[in-house]
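Trainee: I'd like to learn how to read strands and helices in a model. Can we walk through one together?

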Amino acid sequence: MEANKSPGPAPRRRITRRRLILIAFAILAAPLFLLGRAWKQGSDDGGQKYARPFRIAGNFYYVGANDIAAFLITGPQGHVVIDGGYPGTPPLIIASIAELGFDIRDVRVLLNSEPHGDHAGGLAALKEASGAEIWASHASADVIEAGGDDPDIHWALRPLVRVGILGYPAARVDHRFDDGDTIRVGPVALTAHVTAGHTRGCTSWSFPVQDGDRELQAVSACSLVVLGVSRYSGQAPDFERTFQVLRSLQADIWVTSHARLWGRYRKFVARDTAANPVDPFIDPEGYRAYIDGGESELRRGVAH
Ligand SMILES: [Zn+2]
């Protein structure tokens with residue numbers, strides 16, 4: 001008994017070594033874990049606070065968060081929503097739609113600007129709540145159906161996608177469209193422009209908006225940011241074509257998926273003093289400056 005109680009030197013060394021390995025692992029893993037959690041918290045909070053929904057013009061409304069955008073285009077035979085935000089954003093989008101007097105269950109079509117988790121993360125939940133069909137470009141559809149697991153994302157980040165930090169609930173895509181296709185719900189018609197670069201299937205949308213007796217042309221433009229962690233061969237020529245396509249579109253009103261970039265708040269506030277509350281959103285100069293900015297960043301080799 002006595003002999004069994006006193007451990008020999010060899011097992012003690014083994015235990016000590018194992019403990020050391022565990023301690024070393026904990027020391028290394030703890031900051032990584034905390035960093036991951038802080039990043040997730042930051043991205044959950046960042047741009048995800050409530051923003052009052054409002055009419056931009058005619059049947060075109062803002063229903064997104066303070067920065068992560070979502071848009072509602074209403075029609076007599078059903079509505080269209082562009083973008084679902086992060087996985088946690090849909091309750092806010094649904095509440096904003098209700099606040100404007102519309103019903104999520106009348107949304108027939110869900111569209112997406114790009115399949116990163118901050119814009120496509122909530123599509124599955126919005127589809128569930130509305131019963132709407134998701135339409136996406138071929139390249140975006142693959143990523144949306146894989147829960148954000150985009151083959152173009154840097155290999156070192158893909159494990160974070162798979163464990164759900166950068167990934168999101170996968171959504172079934174009902175229809176895949178080609179560049180130039182028009183998606184219709186009754187009289188509401190949006191034309192898809194596959195303006196690749198930020199992602200392969202990044203989609204800009206152009207659509208007319210009736211404001212009283214004038215018809216305004218609206219453009220929801222893709223992100224023009226080059227992401228250092230999302231590169232693919234052929235990306236530069238894709239961007240060149242994208243700049244050309246965006247320049248060819250008439251944009252009386254323009255928006256993009258991060259609201260700060262098109263001045264959501266500034267324009268929203270300016271409505272109070274404008275003769276017509278739509279006027280602050282008529283901003284073709286801002287649209288051209290947005291494209292110029294993206295182009296000059298690409299020329300200077302800026303990657304985010
Ligand atoms: Zn993105």
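This is a predicted model: local features need pLDDT of at least 70, side-chain atom pairs count only at pLDDT 80 or more; totals for chains, interfaces and linings use all residues.

Trainee: How many bridges link β10 and β11, and in which sense do they pair?

Mentor: Seven bridges, in the antiparallel sense, between β10 and strand β11 (residues 214-221).

Trainee: What sits between β10 and β11 in the hairpin?

Mentor: Two residues separate the strands of that hairpin, and G212 in the turn has a positive phi of about 60°.

Trainee: Which residue of β10 is the bridge partner of H193?

Mentor: That's S204. Strand β9 (residues 188-194) runs antiparallel to β10, and four bridges join them.

Trainee: Is β10 mostly covered or mostly open?

Mentor: Mostly covered: of the nine residues in β10 (residues 203-211), seven are buried. As a general idea, side chains in a regular strand alternate between the two faces of the sheet.

Trainee: And helices? How do I describe a packed pair?

Mentor: In general, you give the angle between the two axes and the distance between them. Here, helix α3 (residues 90-99) and helix α5 (residues 123-130) have axes that come within 9 Å and cross at roughly 45°. That angle makes α3 oblique to α5. The crossing of α3 past α5 is right-handed.

Trainee: Which residues make the contact?

Mentor: From α3 you have P90, I93 and I94, and from α5 there are A125, L126 and A129. Sorted by class, this contact of α3 with α5 has six nonpolar residues, with no polar and no charged ones.

Technical notes:
Residues are numbered from 1 along each chain as its sequence is written. A residue is buried if 20 or more other C-beta atoms lie within 10 Å of its own, exposed if 12 or fewer, and partly exposed in between; C-beta atoms are placed from the backbone. Two strands pair if DSSP finds at least two bridges between them. Axes are lines fitted to C-alpha atoms, for helices over the stretch in contact, and angles run from 0 to 180 degrees between N-to-C directions. Angles under 35 degrees count as roughly parallel, over 145 as roughly antiparallel, 65 to 115 as roughly perpendicular and the rest as oblique. A crossing is left-handed if the near helix is turned anticlockwise from the far one by less than a right angle, and right-handed if clockwise. Two residues are in contact if their C-beta atoms, placed from the backbone, lie within 7 Å. Ala, Val, Leu, Ile, Met, Phe, Trp, Tyr, Cys and Pro count as nonpolar, Asp, Glu, Lys and Arg as charged, and the others, Gly among them, as polar.
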